[in-house]
Amino acid sequence: MLRALKPPVEVVFQKENIRTLDEYGEVMLTVYSGLAQEESRSLAESVAWGKRRLAERGQFKTMYARYGYDYDEEGNLVINLEQAEVIQRIYADLLAGKTTNQICIELTEDGIETARGRKKWHSTSMDSMITNPIYCGDFVYQRYYVTDTLAGKMTENRGELPQYTIRDHHPAIVSREDWEAAQQIMNNRSENRKGSKKRPHDRQEFFNIFHCSECGAPVIHVRSSKGGVHYWRCRTAEKKYVEETCEVRGFREISMEHTFMVLLQEIKKNEGVKGDIRQALKNHAPDNNERKRIS
């Protein structure tokens with residue numbers, strides 16, 4: 001991208017003596033980048049291997065305390081009494097029949113901050129807290145694992161890697177009976193959602209793409225109760241944020257698809273855009289020397 005600018009912009013790596021506008025610069029930069037990426041991946045795998053060996057012996061400790069706990073001077077988990085009251089309230093409300101969304105709204109309205117100091121509670125993080133066995137005194141290593149060492153992307157472990165459970169690892173905030181009862185409630189609700197006859201929305205083209213022009217909140221997918229029509233609407237306007245309001249109306253997904261196709265057709269007819277694409281391809285095409293080195 002920098003090379004394609006007019007005039008082109010050069011980046012000089014002084015330690016490696018690489019100049020990006022030099023004919024060999026891009027090749028060498030690719031080689032060094034590959035080596036650095038492989039070193040990062042190898043280091044991450046070595047660290048993960050060491051943590052798994054400690055977990056097998058029941059010696060693993062978390063890097064940071066979860067909500068409801070602190071570390072003492074010896075590095076052991078101890079109960080944070082103020083936060084523990086919130087955890088006990090969450091489990092009590094769930095066992096009393098409240099949904100996680102109701103619990104989140106009430107905690108937000110009462111001005112109770114989340115683990116990250118935010119004023120709004122969300123059901124996604126609430127579900128993760130309720131299903132975490134740390135609150136009944138157990139510690140499970142590798143509930144989540146890193147899938148991309150460079151980006152630090154994590155995903156839930158669904159059997160891809162072994163999990164290690166250290167029972168009675170630390171003081172419990174809720175009784176094991178209440179925790180297991182909460183898991184049963186969460187499992188039943190999950191099965192009910194899976195058994196819903198509504199048409200699922202598996203397409204991902206528009207997710208995490210748009211933000212509201214009025215308040216800046218994410219635009220989320222909404223399905224109407226009548227007919228299952230797919231809409232997209234500002235998350236604040238959909239009342240997902242309790243303290244804020246937005247009056248922007250939603251719009252049908254089919255309208256978004258139509259608008260996108262019209263725009264795509266206009267781009268295809270625009271000779272200026274075609275010229276920019278051809279020039280960008282030409283600027284990034286390898287010259288004869290690069291072709292020889294690659295072959």
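Among contacts in the protein chain between residues at least 6 apart in sequence, what percentage join residues at least 24 apart? In this predicted model, the share is 47%.

Welcome to the chain as a whole. Its 295 residues include 24% that count as buried, and its secondary structure consists of 8 helices and 11 strands.

Two packed helices are described by the angle between their axes and the distance between the axes. Here are those values:

| Helix pair | Angle between axes | Axis distance |
|---|---|---|
| α2 (residues 81–95) and α3 (residues 100–109) | about 140° | 10 Å |
| α3 and α4 (residues 123–130) | roughly 110° | within 9 Å |

We can begin with α2 and α3. Angles over 145 degrees would count as roughly antiparallel; at about 140°, α2 and α3 are therefore oblique to each other. Their crossing is right-handed. On the α2 side, V86, R89, I90, D93 and L94 make the contact, and they meet I103, E106 and L107 of α3. Sorted by class, this contact has 5 nonpolar and 3 charged residues, with no polar ones.

Next comes α3 with α4. Their axes cross at roughly 110°, which makes α3 roughly perpendicular to α4. From α3, the residues T100, N101, I103, C104 and L107 meet S123, M126, D127 and I130 in α4. By class, the contact of α3 with α4 has 5 nonpolar, 3 polar and 1 charged residues.

Key. Residues numbered from 1 in each chain as written. Predicted model: local features only at pLDDT ≥ 70, side-chain atom pairs only at ≥ 80, totals over all residues. Heavy atoms only, no water. Axes fitted to C-alpha atoms, helices over the stretch in contact; angles between N-to-C directions. Helix = DSSP H or I, 4+ residues; strand = E, 2+ residues; numbered from the N terminus. Parallel < 35°, antiparallel > 145°, perpendicular 65-115°, else oblique. Left-handed = near helix turned anticlockwise from the far one by under 90°. Contact = heavy atoms within 4.5 Å. Nonpolar A, V, L, I, M, F, W, Y, C, P; charged D, E, K, R; others polar. Buried < 20%, exposed > 50% of the residue type's maximum accessible area, 1.4 Å probe, protein only.
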